[in-house]
Structure formats: C-alpha cells, structure tokens
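My entries are below, in the order I made them.

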Amino acid sequence: MLRPLWVTLIYLAFIILGVAAPFAFSLGYVWVDTFTPQNVVQSIITQIPVSMIMAVLALGSYFMLDRRSPPPVSWQLVLVLLFAAWVTITTAAFAVVPASAWEKWDWAVKTLLFSAFIPFIIRSRVQIEAFLQIYVFSLAVHVVPVGLKTILSGGGYGRSLGIVHGNSGMAEGSMLAAVALMMLPILLFLRQHTLLVPKNSWTSLIYIGFAVITVTCAIGTYARTGMIGMAVVGIALWLRSRHKLLFGVIGVGALLGVMAFTTDAWNSRMSTVATFQSENSAFGRVLIWRWTLGFVAERPMGGGFQAFEINEIRYPSPPGSEQPEIVERGRAFHSIYFEILGEHGWPGLALFLGLVLTSFLNFHRVARWARRTEGMEWLRDLAYALEVSLVTLLACGAFIGIGFQPMLYYMFALSTCLAHQMHRLRQADTVTRQVAGAGAKALAVRSRGRDGGSLIPPPVGAKRS
C-alpha cells in the first residue's frame with residue numbers, strides 16, 4: 001500500500017516542481033523512463049500514460065516558458081536527427097518483419113528525439129548535476145536490491161533479484177551489470193563535486209557504499225558482460241586517476257576481494273569466456289554475428305528493427321558425435337554494433353559511430369580546456385567520468401543488444417551539454433576580461449585628470465605647463 005502511494009507522490013512532485021522550474025519536467029521524464037513506475041507498482045500510475053504526460057509537459061514548458069539561451073546547432077544534434085530519420089526510413093522501406101519493426105520504432109525514436117532535446121534544457125552546472133542525481137538514483141532502484149541480495153545470499157545466473165521481472169530491460173542480467181558499472185565513475189564524481197547534496201562524511205560514505213553495491217550487483221548477475229565491464233571500468237579509471245599508485249593498490253585489493261567473495265559457480269561461468277565454443281550461449285553470439293554479416297552483404301541498408309526474427313542459427317554437432325545439429329530461429333543480435341548493422345545497415349552503423357566519435361571529441365575538448373582553466377576542476381572530472389562511463393557501456397555493449405537503450409543516448413547528450421557549458425563559460429570569461437580591461441582604462445583616464453593633467457592631449461610641439 002505504501003509503495004504505490006510513495007511512487008505516486010514522487011510523480012506528482014516532479015509536476016509541482018516543474019511549474020516553478022520547467023526543466024524539472026524533463027527530469028521527471030528521465031525518472032519515469034528509468035525507474036518505470038508502471039512496471040514496479042500497481043496503482044493509478046499503471047492506468048495512465050505517465051511517460052507521455054511527462055514528455056508533453058517537458059516539451060510544452062520549454063517552448064512556452066523556457067526558451068532562453070538556446071544552444072548552437074552541433075554536429076551531434078544533426079547526427080541524432082539524421083539517425084532518427086534513417087531508422088524511420090529503414091522501418092518503412094526495408095523492414096523484413098514490419099509489425100515488430102514498428103513496435104520497436106515507437107520507443108526507439110522517442111529515445112533518439114529526447115536525447116536531441118536534452119541539451120536545450122540542461123544548460124548549467126546545477127542542471128547537469130540534477131540530471132545525473134535523478135538518473136543514478138532512479139537506476140539505484142534496480143541496482144541496489146540486486147547488490148544487497150548478492151552480499152547477503154549470493155547472486156545467480158537467470159535469478160530474478162530485482163524489483164522487475166522478465167528477460168528484458170533492467171530485469172536482464174547483462175544489461176543490469178553494464179548499467180551498474182556505468183554508474184561507478186558518475187558516483188565517484190558526485191561524491192567529490194556535488195553541489196545539490198550536502199558534503200559531509202555521511203554523504204561521502206553513502207556514495208562510496210553505493211559504488212561498492214554497483215560492483216556487487218554486476219557480480220551477482222553472473223553475467224560475463226559484468227566481468228568484461230569491471231575490467232574496462234577499472235583500467236579506464238586507473239588511466240584517468242591522478243594518483244595511479246594509490247588507485248592501483250586499491251584496485252588490486254578490490255580484485256582480491258572479488259576473488260574471495262565469488263563462488264565456484266561464478267568462477268565456472270566466467271571461465272566459459274575462454275572456451276566459448278563449448279558453451280551454446282557464447283557460441284551462439286558468434287554464429288548470429290556471422291549471420292548478420294551475410295545478411296547485410298545481401299541487404300546493405302539493413303532489414304529494419306527486429307530483423308533478427310528471420311534468422312536461423314545452426315549449432316554444429318561435436319566432432320565424432322552422432323547428435324543432430326541444433327537449429328535455433330529468431331536469436332537476438334546480442335551486440336550494439338551488430339544490432340544496428342543488421343537493422344539499419346551500413347548507413348545506420350556509420351551514423352551511430354559518428355555519435356560515438358563526436359561524444360569522445362566533446363569530452364576531450366572539454367577536459368583539455370578545463371584542465372588549463374582555474375576553478376574548472378569539476379568540469380574536467382565530469383568529462384573524465386562520463387568518458388569512462390561511455391567506454392564501459394560501449395565495451396559491454398559489444399555483447400548485449402542495447403543499441404537503442406536510453407543510457408547510451410544520455411551519454412551522447414551530456415557530452416553536448418558539457419561542450420555547450422564550456423562555450424558559455426569561455427564567453428563569460430571573455431566578457432569579464434573585456435569589462436575589466438575597459439574599467440582599468442577608464443580608471444587610468446580619471447586618475448590622470450585628478451592629478452592635474454589635461455584630459456585633452458596638447459597640440460603637437462606645444463610645451464606642457
């Protein structure tokens with residue numbers, strides 16, 4: 001009874017806050033999109049289109065109340081809009097399973113368009129942090145229960161440990177592990193640079209505990225993607241650390257702790273990464289990727305959303321065995337890159353990789369400028385944190401089909417927000433310098449007048465009195 005009431009009150013709180021600060025409607029949309037209250041509780045929330053209502057409020061409030069300082073058109077905005085147009089074309093013209101394609105198109109295009117909208121509403125340090133705080137604590141609802149259950153009783157492959165059930169979204173182990181590890185750099189940044197949460201020893205411990213839980217969550221899913229993600233995020237954080245020796249010692253200690261904490265079942269599952277041909281789940285990925293390359297060789301424009309539904313994967317019989325080969329149909333792509341390639345062809349993959357490239361360029365430019373500018377340590381560290389988060393998602397995404405999940409496009413959008421923030425700060429600094437220079441000149445002129453000197457220069461050749 002209390003959970004539905006609490007969730008309903010949170011939803012209403014975003015609406016009330018949005019009346020005073022219109023960008024809060026967009027934060028509400030992020031909360032709905034991430035927390036998915038309609039899947040968590042049974043209340044009035046499940047009877048109304050909560051996502052659509054919040055999206056309409058976010059767009060309407062911006063255009064009617066909040067259209068100030070719009071950001072310049074960026075390459076990333078152009079690429080996102082082109083990508084949205086292209087996936088619409090592939091769905092309309094090239095889809096091999098039209099009904100399923102349009103169903104996925106409905107939510108995938110919303111993800112793309114909202115990511116294009118984010119830089120228009122997230123325009124300051126406080127708004128950027130508010131976005132991050134809402135996002136990570138919305139994800140916490142899915143991550144924390146799994147992490148705590150793993151600490152208390154151990155995890156397990158295929159076990160439903162979270163608050164949502166099934167085999168998709170946050171209920172799917174590999175995706176949950178990737179998202180949990182993506183959060184780790186952001187939590188470390190918020191612990192050090194938060195403005196919205198009071199900074200003291202207690203909040204610092206909360207962020208550290210939350211960071212530990214993200215790792216235990218990834219372990220508890222028993223997903224091999226989690227092991228890959230832990231390696232990537234660990235190495236990336238070490239490379240970005242200014243205290244590499246200390247971080248290395250902590251990392252080795254954490255690794256030893258993981259080895260002591262994990263069970264034989266976890267270790268046995270992780271060992272199949274090296275022997276993937278003997279394990280159908282891992283070997284099936286290789287076979288579907290091979291099928292995808294053959295598919296786009298014949299259909300370079302892709303087969304539209306859900307094109308995998310027409311595939312047919314054959315597992316060869318072991319050598320010397322009389323067992324018949326196993327045939328599996330409609331196996332998912334299990335990779336961002338093969339998902340986009342199979343569904344939207346080489347043009348779609350090129351547009352997606354363009355978004356990845358422009359995001360990393362944005363992070364690099366922002367970090368380089370902030371590193372040379374006094375007082376911009378927060379911007380530098382945020383650029384580094386989001387860069388590590390994106391690297392972790394892209395590495396994990398090589399083995400899971402999250403090509404149109406919001407977390408990727410939030411990272412793309414935030415890279416643009418940081419680039420625009422850098423542009424605004426540079427403009428403000430230039431204006432400040434110009435005003436200071438003009439003030440100094442005016443002061444010098446007035447000073448010469450008070451000292452008895454003429455403010456009008458004497459004629460050429462005249463003697464000064």
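**Ground rules**

I am working from a predicted model, where local features need pLDDT of at least 70, side-chain atom pairs count only at pLDDT 80 or more, and totals for chains, interfaces and linings use all residues. Residues are numbered from 1 along each chain as its sequence is written, and side-chain values use heavy atoms, with hydrogens and water left out.

**Overall make-up**

I found 16 helices and two strands in the chain; helices (H or I, at least four residues) and strands (E, at least two) are DSSP runs, numbered from the N terminus. The chain has 465 residues, and 48% of them count as buried. Buried means under 20% relative accessible area, exposed over 50%, and partly exposed in between, using a 1.4 Å probe and protein chains only. I also looked at contacts (heavy atoms within 4.5 Å). Of those in the chain with a separation of 6 or more, 76% are between residues 24 or more positions apart.

**α14 against α15**

How do α14 and α15 pack? Helix α14 (residues 336–372) and helix α15 (residues 377–397) have their axes 9 Å apart, at an angle of about 160°. The axes are lines fitted to C-alpha atoms, for helices over the stretch in contact, and angles run from 0 to 180 degrees between N-to-C directions. I therefore put α14 and α15 down as roughly antiparallel to each other; the cut-offs are under 35 degrees for roughly parallel, over 145 for roughly antiparallel, 65 to 115 for roughly perpendicular, and oblique for the rest.

On the α14 side I noted residues including Phe 352, Phe 360, Phe 363 and Trp 369, and on the α15 side residues including Tyr 384, Leu 390 and Leu 394. The residues of this contact divide into 18 nonpolar, two polar and three charged. Here Ala, Val, Leu, Ile, Met, Phe, Trp, Tyr, Cys and Pro count as nonpolar, Asp, Glu, Lys and Arg as charged, and the others, Gly among them, as polar.

**Aromatic rings**

How many aromatic pairs turn up in the whole structure? My search gave 24. Rings of Phe, Tyr and Trp (its six-membered ring) pair if their centres lie within 6.5 Å; planes under 30 degrees apart count as stacked, over 60 as edge-to-face and the rest as tilted.

I picked out Phe 83 and Phe 404: their ring centres are 5.6 Å apart and their planes at 25°, so this pair is stacked. Phe 83 sits in helix α5 (residues 75–93) and Phe 404 in the loop between α15 and α16 (406–450), 321 residues apart. Phe 83 is buried at 0% relative accessibility, and Phe 404 is buried at 1%.

Next came Phe 131 and Tyr 410, with centres 5.4 Å apart and planes at 85°, so I logged the pair as edge-to-face. Phe 131 is in helix α7 (residues 125–153) and Tyr 410 in helix α16, so the pair ties together parts 279 residues apart in sequence. Phe 131 is buried at 2%, and Tyr 410 is buried at 3%. Both belong to one aromatic cluster, whose members include Tyr 29, Phe 63 and Tyr 135.

**Positive phi**

Most residues other than glycine have a negative phi. Gln 306, not a glycine, has a positive phi of about 65°. I placed Gln 306 in the loop between α13 (280–298) and β1 (312–315), and it is buried at 18%. His 334 has a positive phi too, near 55°. His 334 is in the loop between β2 (326–329) and α14, and is partly exposed at 24%.
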